[in-house]
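Dear colleague,

Please find below the sequence and structure that I am handing over to you. My notes on the model come after them.

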Amino acid sequence: MTRFDKSFGLKAMILSAALSMTAGLALAGDNNVSTDKILEALKPKPATRGLSVGPQADTTAQARESTFLNTVRNRSTRSLSTGEREQIAELAATKPKIDLEIQFDYNSADIAKTSVASVQALGKALSDPALKGSTFVVAGHTDAIGGEAYNQGLSERRADTIKKYLVQNYGLNGTDLVTVGYGETKLKDAANGADPTNRRVQVVNMDTKTAAK
C-alpha cells in the first residue's frame, strides 16, 4: 500500500468516526416528546370498579381527593409538608401521568434550550379541549448528585419554572397547576442515582372525572 493510500484511509476512518459521534450526540439530545403523546398519556381512563366497591364509595373517594387538592391549590411549592407531598404522590400513583425528560441548565431552574420543545408540547397538550380545565400536578425530580436539601429546593424551583412558563405562554389557570418537588427521593433509576433519567418533570392528570366507557 502506498503512503497516499494509507493517508487517505486514515482520513476516511477519522471522518467516519466524527460523523458517528455527531449522530450519536444528536440522538442523545433529542428527547423531546410530541403533543399527541402527552395527550394520549394524560387522557382520563375509563372507570373500573371492583365487585366490592359501589358508586357511593367511589363518589366519597373522589370527594376526599377534591377536598385535599383544594388545600394545596395556590400554595407555594416550598410550603408543602413532607406529608402533603407524599399524599400527592399516593393519589398520583393511580392517575394518568407522563415523565418528561425536561433538562435544565446546570445547577439552575432555567429550562435548557434543548428541552423548550417539550415544554411547548406540554403547553399545547394541556390547552387541548380534551384536557383543558383539569387539575394537574407538576412534579420536579432531580438525580442523587449533591446534597439532599439542595436537591429538594432545586426540584421545587424547577417545578415552579414549568408552571410559570405554562401560565405565561399558554394562558393556563395557575390554580389548575399544583407544583411539588421531590428532590432525589423518588429516583426513576434507584440503582444508578446519577443517571440523567432521574432528572425529570412528571405531569399527572388529577381530575377525578373519568372517560366514558
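This is a predicted model: local features need pLDDT of at least 70, side-chain atom pairs count only at pLDDT 80 or more; totals for chains, interfaces and linings use all residues.

Residues are numbered from 1 along each chain as its sequence is written, and side-chain values use heavy atoms, with hydrogens and water left out.

Overall layout

The protein has six helices and four strands; helices (H or I, at least four residues) and strands (E, at least two) are DSSP runs, numbered from the N terminus. Read from the N terminus, the order of elements is α-α-α-α-β-α-β-α-β-β. Of the 213 residues, 36% count as buried, where buried means under 20% relative accessible area, exposed means over 50%, and partly exposed lies in between (1.4 Å probe, protein chains only). Among contacts (heavy atoms within 4.5 Å) with a separation of 6 or more, 79% are between residues 24 or more positions apart.

Helix 5 covers residues 116–127, and its end C-alpha atoms are 17 Å apart. This agrees with the 16 Å that its twelve residues should span at 1.5 Å a residue, because the expected span is 1.5 Å times one less than the number of residues. The buried residues of helix 5 are Ser-118, Val-119, Ala-121, Leu-122, Gly-123, Ala-125 and Leu-126. Their packing partners are helix 2 (35–42), strand 1 (97–100), strand 2 (136–141), helix 6 (148–170), strand 3 (177–181) and strand 4 (200–205).

In soluble globular proteins, nonpolar side chains tend to be buried together. A nonpolar core here is a set of buried Ala, Val, Leu, Ile, Met, Phe, Trp, Tyr and Cys residues joined through side-chain atoms within 4.5 Å. The largest such core has 23 residues, of which Ile-38, Leu-126 and Ile-162 touch the most other members. At least two residues of this core come from each of helix 2, strand 1, helix 5, strand 2, helix 6 and strand 4. Helix 5 gives the most, with five residues. A second, separate core of 15 residues includes Phe-68, Ile-88, Ala-89 and Ala-92.

Neighbours within four places in sequence aside, Ile-38 is in contact with Val-33, Ile-98, Leu-100, Ser-118, Ala-121, Leu-122 and Ala-125.

Strand 1

In a regular strand the side chains alternate between the two faces of the sheet. In strand 1, Ile-98 and Leu-100 form the covered face, whereas Lys-97 and Asp-99 form the uncovered one. Strand 1 and strand 4 run antiparallel and are joined by four bridges; two strands pair if DSSP finds at least two bridges between them. Val-204 in strand 4 is the bridge partner of Lys-97.

Salt bridges

A salt bridge is a side-chain nitrogen of Lys or Arg within 4 Å of a carboxyl oxygen of Asp or Glu. By this rule the count comes to seven.

- Lys-95 pairs with Glu-65, with the closest N and O atoms 2.8 Å apart. Lys-95 lies in the loop between helix 4 (82–92) and strand 1, and Glu-65 in helix 3 (residues 55–72), 30 residues apart. Both Lys-95 and Glu-65 are buried.
- Arg-200 pairs with Asp-99 at 3.3 Å, N to O. The pair links strand 4 to strand 1 across 101 residues. Arg-200 counts as buried at 6% relative accessibility, whereas Asp-99 counts as partly exposed at 27%.
- Asp-143 pairs with Arg-199, the closest N and O atoms being 2.7 Å apart. Asp-143 counts as buried at 7% relative accessibility, and Arg-199 as partly exposed at 24%.

Asp-99 and Arg-200 also belong to a network of salt bridges with Lys-188.

Thr-135

Thr-135 is found in the loop between helix 5 and strand 2. Its relative accessible area is 7%, so Thr-135 is buried. The side chain of Thr-135 makes a polar contact with the side chain of Arg-73 at 2.9 Å. A polar contact is a pair of N or O atoms within 3.5 Å; within protein, one must be able to donate a hydrogen and the other to accept it, and residues adjacent in sequence count only if both atoms are side-chain atoms. Beyond its neighbours within four places in sequence, Thr-135 is in contact with residues including Leu-69, Asp-176, Val-178 and Val-204.

With kind regards
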